[in-house]
Amino acid sequence: MGYERYRGSVYKFPSLHHWTVVVSGPKLIDELRRRPDDEVSFLEAVESIIKTKYTLGPEADADPYHVELIRDKLTRNLTDLLPDVVDELSLAVQDHIGNDTAEWTAIGVKKLCEKLIARASSRIFVGVPVCRNEHYLEQAVAFALAVMKDATAIAMFPTLLQPIVARLLNGTSSAVRKAMVLLGPVVEERQVLMREHGQDWEGKPKDLLQWVMEVALAKGYSRQSITRRIMMINFAAIDTSSSSLTQVLYHLAEHPEVIPPLRQEVEKIVQEEGWTKDSISKMWLADSVLKESQRFIGLNLLGLNRKVLKDISLQDGTRVPRGCFLAAANYGTHHDADIYPDPETFDAFRFARMRKKEGEATKHQLVHTSVDFLTFGLGKHACPGRFFVSHELRAMLAYIVLHYDFKLPDPAQPPKNIFWANFVVPELNGQVLFRKRRVESDVDPK
């Protein structure tokens, strides 16, 4: 493995269109974080990976105004928004897992998590009733899947042919057209209210659609553009969060001894404080399980992807030519025994124990980024939605653990991950058996 052989240094490998230079060790990873955008570009790397100007649209590529909305408005309003997420989650779980307290039900976990994430996220993205419309949710998931499928297909062709290939593919455009049938009238209705009342009125929605509209309409963007922007935000939420939730449910089903203490923590906190941002923040064991799941396998073998825009030399003297890609060794870092003792063991409460040390309570949260934990990136290009994602995933995990028993159909055959290029994909057809628990009413969302 490259990390083991070149730990603290660099190694490279070729792909279809470029070389990727992988850095490892805290010094080089931090140097990659600090390199200016005019030398190594995050946005150009993303464009190369998911072909943003074709899959997400040229406006999103040229004007990513949604990033600041997520980083600022969404994060600042989590206290008000999270109870709505939990409320929607409680309804979605009953719809998609059921209420049978007698029999075990086999459920495909990846599809389940896509539906739960799409619905709970859409509650604060577009509000009620659109977030409960099955046709809209199907298009949100379809758009997310189409982005990766279309990007993969486009990347198989030379650069000169990619615009032609992109025009022949219509996965994302089809999802946007279908979503507009439902979202378009909502946007139109809100436009009328904005013209009549200005920036504020009684009952004004507090959701991402409203914030996107206020920016987009001021820039002269169309309703179709607004719909595509919401679909793009859905892509970021659904694709990664559903895979993360899938992996952690697989891990817990494989390690049932973890569930009782996790359930005990959730039950105690919820009985005392309910389902609020503050109470969810106190679920240290749930946070630790999620972070350990990301450390143990995660979604990417490499991270901090950057495209090199000019010839540069790293601090160790390595020369990296223009056109190459730079990346950090996520998997290698997360499995380094000098950083994480016994790294090949899934230790669910590893980070909860680390947080108990004096002065370490914040450092080892899921949302905390560092050269030792790279899931959310690092520096100014770290995932802007990680605070929402961490609370949403904690709430989902806590709710499911509290209300359901679950186990593997065959403990001797846990689901296997799929390794595809840089990506780690949880088994798509893996199943887990669920059975509703009888719980006290005081642990349910009010």
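Modeller: Let us start with Pro 129, in the loop between helix H8 (109–125) and helix H9 (134–155). Helices (H or I, at least four residues) and strands (E, at least two) are DSSP runs numbered from the N terminus. Residues are numbered from 1 along each chain as its sequence is written. The model is predicted, so local features need pLDDT of at least 70 and side-chain atom pairs pLDDT 80 or more, while totals for chains, interfaces and linings use all residues; side-chain values use heavy atoms, leaving out hydrogens and water.

Biologist: What is the peptide bond from Val 128 to Pro 129, cis or trans?

Modeller: Most peptide bonds are trans, and most residues other than glycine have a negative phi. The bond from Val 128 to Pro 129 is cis, with omega near 10°.

Biologist: Which value does phi take at Lys 51, and is Lys 51 buried or exposed?

Modeller: Phi of Lys 51 is near 50°, which is positive in a residue other than glycine. Lys 51 sits in the loop between helix H3 (42–50) and helix H4 (52–55). Buried means under 20% relative accessible area, exposed over 50%, and partly exposed in between (1.4 Å probe, protein chains only). Lys 51 therefore counts as buried, at 6% relative accessibility. Leu 304 is not a glycine, yet has a positive phi of about 55°. Leu 304 belongs to strand E5 (residues 303–308) and is buried, with a relative accessible area of 6%.

Biologist: In what order do the five strands of the open sheet stand?

Modeller: Two strands pair if DSSP finds at least two bridges between them. The order is E1-E2-E8-E5-E3, with mixed pairing. E1 and strand E3 (40–41) are at the edges, each with a single partner strand, so one side of each has no neighbour in the sheet. H3 packs on this sheet: H3 touches E3, E5 and E8, and its direction makes about 95° with that of E5. Contact means heavy atoms within 4.5 Å. Axes are lines fitted to C-alpha atoms, for helices over the stretch in contact, with angles from 0 to 180 degrees between N-to-C directions. Helix H2 (residues 26–34) lies across E1, E2, E5 and strand E8 (325–328), at about 130° to E8.

Biologist: How many bridges pair E1 with E2?

Modeller: Five bridges pair strand E1 (residues 10–14) with strand E2 (residues 19–23) in the antiparallel sense. Phe 13 has Thr 20 of E2 as its bridge partner, and Tyr 11 has Val 22 of E2. The two strands form a hairpin, with four residues between them.

Biologist: Which strands form the open sheet of three?

Modeller: That sheet has the order E4-E12-E9 and antiparallel pairing. Strand E4 (105–108) and strand E9 (404–407) each have a single partner strand, so one side of each lacks a neighbour in the sheet. Neighbouring strands here are turned by 35° against each other on average, direction ignored. Four bridges join E9 to strand E12 (residues 431–436), where Arg 435 is the bridge partner of Asp 405. Helix H13 (residues 223–254) lies across E9 and E12, at about 80° to E9.

Biologist: Finally, is Leu 168 buried or exposed?

Modeller: Leu 168, in helix H10 (residues 162–168), counts as exposed at 69% relative accessibility.
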